[in-house]
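Good morning, and thank you for joining this group meeting.

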There are 2 protein chains.
Amino acid sequence: MASKVTIYDIAREASVGIGTVSRVLNNHPSVTPETRKRVKDVAIRLDYQPHTYAQRLARRQSETISAIIPFFTNYFFIEVLQGVQDKISQLGYDLVLYGVNNIDQVDSYISRALQRGKVDGILFFSMRLPERMISRLKETKLPMVLVDTLSPEFDSISVANAEGAYAATTHLIELGHRSVGMVNAQLVSAPAVERLQGYKRALESHGISYSESLVKSGTNNKADGFNREAGYEAIMEFINNGSEMPKAFFVSSDIQAMGVIAALSEKGFRVPEDVAVVGFDDIELARHIKLTTMRQPMYQMGVLAIERLVTRMSNPDMEILHTTFSPTLIVRESCGALRRNQN
Amino acid sequence: MASKVTIYDIAREASVGIGTVSRVLNNHPSVTPETRKRVKDVAIRLDYQPHTYAQRLARRQSETISAIIPFFTNYFFIEVLQGVQDKISQLGYDLVLYGVNNIDQVDSYISRALQRGKVDGILFFSMRLPERMISRLKETKLPMVLVDTLSPEFDSISVANAEGAYAATTHLIELGHRSVGMVNAQLVSAPAVERLQGYKRALESHGISYSESLVKSGTNNKADGFNREAGYEAIMEFINNGSEMPKAFFVSSDIQAMGVIAALSEKGFRVPEDVAVVGFDDIELARHIKLTTMRQPMYQMGVLAIERLVTRMSNPDMEILHTTFSPTLIVRESCGALRRNQN
DNA sequence: CTGAAAGCGCTAACAC
DNA sequence: GTGTTAGCGCTTTCAG
């Protein structure tokens, strides 16, 4: 029998008014210890459970946060999501998930999250925020934080792409490489642009001149070029162009690095002996294929995203904050550093 | 300014009662076309949005489904989740996600989902349903469907493990192998038991006698032995035992197969030339490492899970249904079949 | 400190 | 057809 116990039942059994019951249940101070105990006992005996939606309606608060995430970035978001989930349930909030399989769903999900009273805040992941939505979002004043994407109008949590690319490239240079190429994603993507900058800067700081012919992207633009095939194609371009193969590559994502390595070994280049490779992201896969890469603190980013959101909720006029995390270099075998050390 | 428009505002502006407004908004038939239009126009002009929780309270329906999923099965659930999400939003429901990072969270999440009126149904993934929860679940009569796990008391969607194992093993046998071993997970896991059965049955049907010494598990029991290290260890056991290495392996999961292949190549066995391997799951990784495996129709399972749940919701006394999907063999390079064909 | 009463915004049964 | 009214279950004044 589904418990249909309401505060009225408790009030009757405990011979008090519903107001008192409500106070007890919400730990309101002004209740005598005696009545408090009496009410509590009855509540437990009756196995009372509050009706979530009645509370939400009366409190004018949803205790719910929704996350709009692209399912196609898979690896990244799943780890961030774990941080989000842990923090969110620690706070007693609910997480309603809007997983985007198709970019067209974004608008409708935003609209849904915007329904009056529906959620207290939104987390928006990895996608460009549609221009036409910004004003609506601003109007409703619904707190939102962006994760892995940017907009001057909203708080954001992201990763220092340029810095990470700088570190990755520098690592390769310090390993003795003077000829380091880059396999990048499409430049429509902000992270791709930033990672390219970091790469250039690293070259520059080490007195190596930048050569456009050493950076390739592939043509497959699924996920803005952050995909395995694009990595594969990029290497093939080097080969088909007859250009000389660099001795090292910084690749803008691990998943592309997969393709890079496949193409390389298909063409007889050994990694890392002939060509060293460093990726970006540290997806779970990276560990398995022993890829040296830049790790983003994904779980932490999730946790912080919720913390920031909650802060914003209780402090709507707080100045907008953009936080960027520094990725850390994870040295595995694909860069050749370990082997070198052993000698 | 956040729209605070209620049906009262609409009623006033359109000079009708709130009942009529509600009827129009809910497409109730008994309203004149004229008033219907008038009300609709006002609603649009005022940018009216229903208050979700007021509706849920009044309708005694949450239009929400919650999914309790283990985050540690990563690859599998994320694909299933896409099916779940697509179907769920097509039905206009909300998905509240309870991601389990730690098995202890299960009880508390179930309790939360069980809160009066909170959700219309639950999807429970991949984990053993805690015994002590079964009676509570039954009592509340809240519809629930299990995905990738079983209990006689609830509807379930799962994969035909024995059948898949049979197919995988048979494939190896048909490739000419008479000595095929199995690397299995821990037998506390139902899928592991079933996959072992399928393996045995395949041997038997092809007149090959089963030998216990050909199946190993490794000792790492994280995720019930469905992990990379366990696969690695299993192969090492073969080597340390001095037992002869089988020429082919059926491995109970792709992630274990990763470890198997790593161990094999570390010990100088080439895959598939020296040892053929077939996995199970077809996680995304499998494609990258060219692993032959048994594919589970994950997206479809997600879609069906929601369909089943919705059916159960509108038909509580329906007989309990257990659906099993047949996995399909995906031939890639690790089994040696492709190479063979080329000859 | 506590009870009564007035909402929160919507649905649905009931009259006319 | 349409307006009125009574809830849905809880929170929160407002008296006392």
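This is a predicted model: local features need pLDDT of at least 70, side-chain atom pairs count only at pLDDT 80 or more; totals for chains, interfaces and linings use all residues.

Let us begin with the relation between the two copies. In general, two copies of a chain are related by a rotation about an axis and a shift along it.

Next, the contact between the chains. On chain A, 35 residues are in contact with 35 residues of chain B. On the side of chain A that touches chain B, two or more residues come from each of α4 (52-59), α5 (75-90), β2 (94-100), α7 (131-140) and α12 (284-288). Sorted by class, the residues on that side are 13 nonpolar, 14 polar and eight charged. Both copies use the same surface, since 100% of the contact residues of chain A recur in chain B.

I now turn to the DNA. DNA strand C is surrounded by 26 residues, and the closest are A:Gly17, A:Gly19, A:Ser30, B:Thr6 and B:Ala58. Two or more residues of this surface come from each of α2 (18-25) and α4 of chain A, and likewise from each of α2 (18-25) and α4 (52-59) of chain B. Which element gives the largest share of the surface near DNA strand C? It is α4(B), with five residues. By class, this surface holds twelve nonpolar, twelve polar and two charged residues.

Around DNA strand D there are 27 residues, of which A:Thr6, A:Ala58, B:Gly17, B:Gly19 and B:Thr20 come nearest. At least two residues of the surface near DNA strand D are supplied by each of α2 and α4 of chain A and α2 and α4 of chain B. The classes near DNA strand D are twelve nonpolar, twelve polar and three charged residues.

Let us now look inside chain A, starting with a helix. Helix α13 of chain A covers residues 298-314, which is 17 residues. From its first C-alpha to its last, α13(A) reaches 25 Å, close to the 24 Å expected at 1.5 Å a residue. Several residues of α13(A) are buried, among them A:Met301, A:Val303, A:Leu304, A:Ile306 and A:Arg308. What do the buried residues of α13(A) pack against? Their partners in chain A are β1 (64-70), α5, β3 (121-125), β4 (144-147), β5 (155-159) and β11 (322-325).

β1(A) and β3(A) run parallel and are joined by four bridges, with A:Ser66 standing opposite A:Ile122. β3(A) also pairs with β4(A) in the parallel sense over four bridges, and there A:Phe125 has A:Val147 as its bridge partner.

Elsewhere in chain A, A:Phe280 lies in strand β9, residues 276-281. Is A:Phe280 buried or exposed? It counts as buried because it has 31 C-beta neighbours inside 10 Å. Beyond its neighbours within four places in sequence, A:Phe280 is in contact with residues including A:Gly164, A:Arg195, A:Val251 and A:Met294.

Finally, we come to chain B. Four of its strands form an open sheet in the order β7-β6-β8-β9, with parallel pairing. β7 (215-216) and β9 (276-278) of chain B stand at the edges with a single partner strand each, so one side of each is left without a neighbour in the sheet. Within this sheet, β6 (residues 180-183) and β8 (residues 248-251) of chain B pair over four bridges, and B:Val183 stands opposite B:Val251.

B:Tyr98 is buried, because 23 other C-beta atoms lie within 10 Å. Leaving aside neighbours within four places in sequence, the contacts of B:Tyr98 are B:Ser66, B:Ala67, B:Ile68, B:Tyr109 and B:Ala113.

Thank you for your attention.

Note on methods
Residues are numbered from 1 along each chain as its sequence is written. Chains are lettered from A and ligands numbered from 1 in the order in which they are written. Two residues are in contact if their C-beta atoms, placed from the backbone, lie within 7 Å. Ala, Val, Leu, Ile, Met, Phe, Trp, Tyr, Cys and Pro count as nonpolar, Asp, Glu, Lys and Arg as charged, and the others, Gly among them, as polar. A residue is near a molecule or strand if its C-beta atom, placed from the backbone, lies within 6 Å of it. The expected span of a helix is 1.5 Å times one less than its number of residues. A residue is buried if 20 or more other C-beta atoms lie within 10 Å of its own, exposed if 12 or fewer, and partly exposed in between; C-beta atoms are placed from the backbone. Two strands pair if DSSP finds at least two bridges between them.
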